[in-house]
Amino acid sequence: MKIFDKLLGKKRPEIVLLTPPGPIGELQLLLTNQALELAKEFRKHLDFTNRSIQTVEAILGEVHDHYRKSKDDTGLNGIAFQLGAYIATTIQRNFNEGTLNRDDPTIGQGTFPFSFRDGTIFPFAWCQKRIFDGSADNVYSKYKVLVLDTSSTSKNGRAQ
């Protein structure tokens, strides 16, 4: 598929946002900008509204379809990182809170937890599961329940 060939050879996009807060703010910024470029490759537009997470879901659906047909996972974790960072940035912009970290003290290293409203969510894992497991792992459904409807967050605030 040509789009994946283009993405793998893509140069670094322009920085269009301010650096988010947190220990990996610069990485989050880079990944978020890459997500904006990725959306363009899919002829979609991401605008940091809560509704734009439906567009993220649509992109992930297309990526899953490609993976299911080709079984080629090259670059797909990178796409999950990019779109996960976009989700974190969208939460920060809409709710003026939240921090993306590299490691979770309970779950482990490289899990990219997002601390939000006294809890922790894992947008990268959401995207990764959607790519590899399919529509049962709809990221907009998770976003709606765990971000927009905060009463659904578990007692300890952890949800994956």
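User: Contact means heavy atoms within 4.5 Å of each other. With that in mind, how many helices and strands are there in the protein?

Analyst: This is a predicted model, with residues numbered from 1 along each chain as its sequence is written, and local features need pLDDT (the predictor's confidence in each residue, from 0 to 100) of at least 70. Side-chain atom pairs count only at pLDDT 80 or more, while totals for chains, interfaces and linings use all residues; side-chain values use heavy atoms, leaving out hydrogens and water. Helices (H or I, at least four residues) and strands (E, at least two) are DSSP runs numbered from the N terminus. From that terminus the order is α-α-α-α-β-β-β-α-α, and the protein has 6 helices and 3 strands.

User: Over which residues is the pLDDT below 50?

Analyst: The average pLDDT of the protein is 87, and 83% of the residues score at least 70. Where pLDDT is low, the predicted coordinates should not be read in detail. The pLDDT is below 50 over residues 151–160.

User: Which residues of helix 6 are buried?

Analyst: Buried means under 20% relative accessible area, exposed over 50%, and partly exposed in between (1.4 Å probe, protein chains only). Of the 160 residues in the protein, 48% are buried. In helix 6, which covers residues 139–148, the buried ones are V139, K142, Y143, L146 and V147.

User: Against which elements do the buried residues of helix 6 pack?

Analyst: The N-terminal end of helix 6 is capped by N138, with a side-chain oxygen 2.8 Å from the backbone nitrogen of Y140. The buried residues of this helix pack against helix 3, helix 4 (76–95), strand 2, strand 3 and helix 5 (123–133).

User: Which residue of strand 2 is the bridge partner of T99?

Analyst: Strand 1 pairs with strand 2 (residues 114–116) in the antiparallel sense, over 2 bridges. The partner of T99 in strand 2 is S115.

Technical notes:
Pairing = 2+ DSSP bridges. Polar contact = N/O pair within 3.5 Å; in protein donor to acceptor, adjacent residues only side chain to side chain.
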